[in-house]
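I opened the file and kept notes as I went. The entries follow the order in which I looked things up.

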Amino acid sequence: MAAGNGSTKQKSNKPAKTAISPTRSDNYPEWYQQVVRAADLAESSPVRGCMVIKPWGYGLWENIQGVLDRMFKETGHQNAYFPLFIPLSYLEKEAQHVEGFAKECAVVTHHRLEAGPDGKLIPVGKLEEPLIVRPTSETIIGEMFSQWVQSYRDLPLLINQWANVVRWELRTRLFLRTAEFLWQEGHTAHATEAEAREETMRMLDVYADFAENYMAMPVIKGEKTECERFPGAVQTYSIEAMMQDRKALQSGTSHFLGQNFAKASRIQFLGESGQHEHAWTTSWGVSTRLIGGLVMTHSDDNGLVLPPKLAPSHVVILPILHKEETRAQVLEYCTKLADELKHSVQYDGRPVRVELDTRDLRGGDKIWSWIKKGIPLRVEVGPRDMEADSVFVGRRDREHKDRFTLKRAEFVNTLPDLLAEIQTGLHDRATALVRENSACINTRDELYDYFTPANREQPEIHGGFALCHWNGDGAIEEQVKNDLSVTVRGIPLPGQWLDDLVREPGTCPFSGEPSPQRVVFAKSY
């Protein structure tokens, strides 16, 4: 249509400007790093391979920790703390265990420093036995359990530890893979195999419940193959989530250790029959990797998006202070609103957490800083809003220009519903991604095509969860891994949304041999 001045309006072909560059579709790995930085979650430290978790990121971890700690205690577990240093001989007690972790261990060989001839510090005082900086605690905790457990009356022993661990990594990525990270590790001892197996599955369910209902991150529960099993375990189970680049993230593990570690650590007890028996043990854990999973599940090209149940804060109030003559009144109005929300509104059983941003910055800069940090709700209040006793609200799960006005009282009364709606919406969106990008694969060529990008030099987002029959042969698994960087993420357990797709028996497309059910193949972190 011709405009009044005779020119013709044309739609711009320029891509929409985003706060994060590159975008997910342009370069997903770099997009992830930029989201973490823009949200002020963490940054690399002067110590190679280690990160500094900043207050906003640590606030997330505290909320993750708080919810899980409550869930652990509700299932009968108690917290304890064990040494950071583990004698080398302890790891050597369990052959598979030491083999699995040997290349990742940090080793302490001396116990003090002295100034050398040139004034530089040098290690002296060689230890009689090297100490391993904790990569995991099965062996040291097993040693203590052997002292604590004497009779069947001492069982079950249900212990959790919140700690840091060190595993040397060559390629690091904030939250996903660092030399040092924070985690929890549960360790339990039982009188019978059945009780230990029940514990293993109970804690897997706890992790799945947390991922689905707090992180809004759908997961698939499954058993790991022998190649992917925890070193020394009889069976390992995991929850696997799909990230927005369609790769899998192992988000929690639960291990049935049988009596392997009990025999290595001499965890024995006098049974009801009067005979000495070895205990049956489990271990299970999640780490700060969950924060990386949360980032990659929900965030967009404008920054972090947070599920309200775990967000460090739920609402930020942004006073609009253009005019000096109304500055004091607007600030007072916003302060009272913040106090009202903090003291009278609850969400998910806790008081709503509110930020009042009075920084001396341009309004746009403040708004975008909170968009990039992923706070669920932004509330702008200017002189006109104050006069109308209204607030101007933006939701992080919607486009940044999609804002609406509510009367103050209505906003206060409906705030829990708004947060619940965001939480549910994020889970629904993530669930849709998994369902849309999971496919039944029936031939070898189909699997290889599924995981081969069109652009090999700069691969686009491709693949997903391939539900494929497999005969259990580790050689086939290794071949697929070498060819495609694809692994069996898990053998799905019954009672999940994909039951109708995976439970029927079939034929392994690699060997032609029978297969009891389909498994999940995927690229992963």
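**Entry 1: helix 1.** I note at the outset that this is a predicted model. I began just after helix 1, where D40 takes a positive phi of about 60°. Then I went back to the start of the helix. There a side-chain oxygen of N27 comes to within 3.2 Å of the backbone nitrogen of E30. Next I listed the buried residues of helix 1, which spans residues 28–38. They are Y28, W31, Y32, Q33, V35 and V36. What covers them? I found that the cover includes strand 1 (42–44) and helix 8 (289–298).

Entry 2: I traced the strand order as 4-6-5, with antiparallel pairing. Strand 4 (85–87) and strand 5 (106–115) are the edge strands, and each pairs on one side only. How many bridges join strand 5 and strand 6? I counted 8, in the antiparallel sense, with strand 6 covering residues 121–133.

Entry 3: I wrote down the order as 3-7-8-14-11-10-9-24-27-23-22. The pairing here is mixed. Strand 3 (78–79) and strand 22 (438–441) are the edges, each pairing on one side only. I then checked strand 7 (residues 157–166) against strand 8 (residues 180–190) and found 10 bridges, antiparallel. V166 stands opposite E180 in strand 8.

Helix 12 (residues 408–436) lies across strand 10 (235–242), strand 22 and strand 23 (465–469). Its angle to strand 22 is about 20°.

**Entry 4: strand 24.** I stayed in the sheet and moved to strand 24, residues 487–492. Is it enclosed or open? I found 5 of its 6 residues buried, so strand 24 is largely enclosed by the rest of the structure. I took its two partners in turn. Strand 9 (residues 219–223) runs antiparallel to strand 24 and is joined to it by 2 bridges. There G222 stands opposite P492. Strand 27 (residues 518–522) also pairs with strand 24 in the antiparallel sense, over 3 bridges. In that pair V488 stands opposite F521.

**Entry 5: helix 14.** I turned to helix 14, residues 474–484. Which of its residues are buried? I listed I476, E477, V480 and L484. Seen down the helix axis, these buried residues fall within an arc of 100°, so they line one face of helix 14. I recalled the general rule: an α-helix has 3.6 residues a turn, so residues three or four places apart point the same way.

I then asked what the buried residues of helix 14 pack against. The answer is helix 13 (444–450), strand 24 and strand 27. That took me back to strand 24, which pairs with strand 27. On the face turned away from the buried side, I found the exposed residues A475 and N482.

Last, I checked both ends of helix 14. At its start, a side-chain oxygen of D473 reaches to within 2.9 Å of the backbone nitrogen of A475. After the helix comes S485, with a positive phi near 60°.

Note on methods
Residues are numbered from 1 along each chain as its sequence is written. This is a predicted model: local features need pLDDT of at least 70, side-chain atom pairs count only at pLDDT 80 or more; totals for chains, interfaces and linings use all residues. Side-chain values use heavy atoms; hydrogens and water are left out. Two strands pair if DSSP finds at least two bridges between them. Helices (H or I, at least four residues) and strands (E, at least two) are DSSP runs, numbered from the N terminus. Buried means under 20% relative accessible area, exposed over 50%, partly exposed in between (1.4 Å probe, protein chains only). The arc is that of the directions from the helix axis to the C-beta atoms. Contact means heavy atoms within 4.5 Å. A polar contact is a pair of N or O atoms within 3.5 Å; within protein, one must be able to donate a hydrogen and the other to accept it, and residues adjacent in sequence count only if both atoms are side-chain atoms. Axes are lines fitted to C-alpha atoms, for helices over the stretch in contact, and angles run from 0 to 180 degrees between N-to-C directions.
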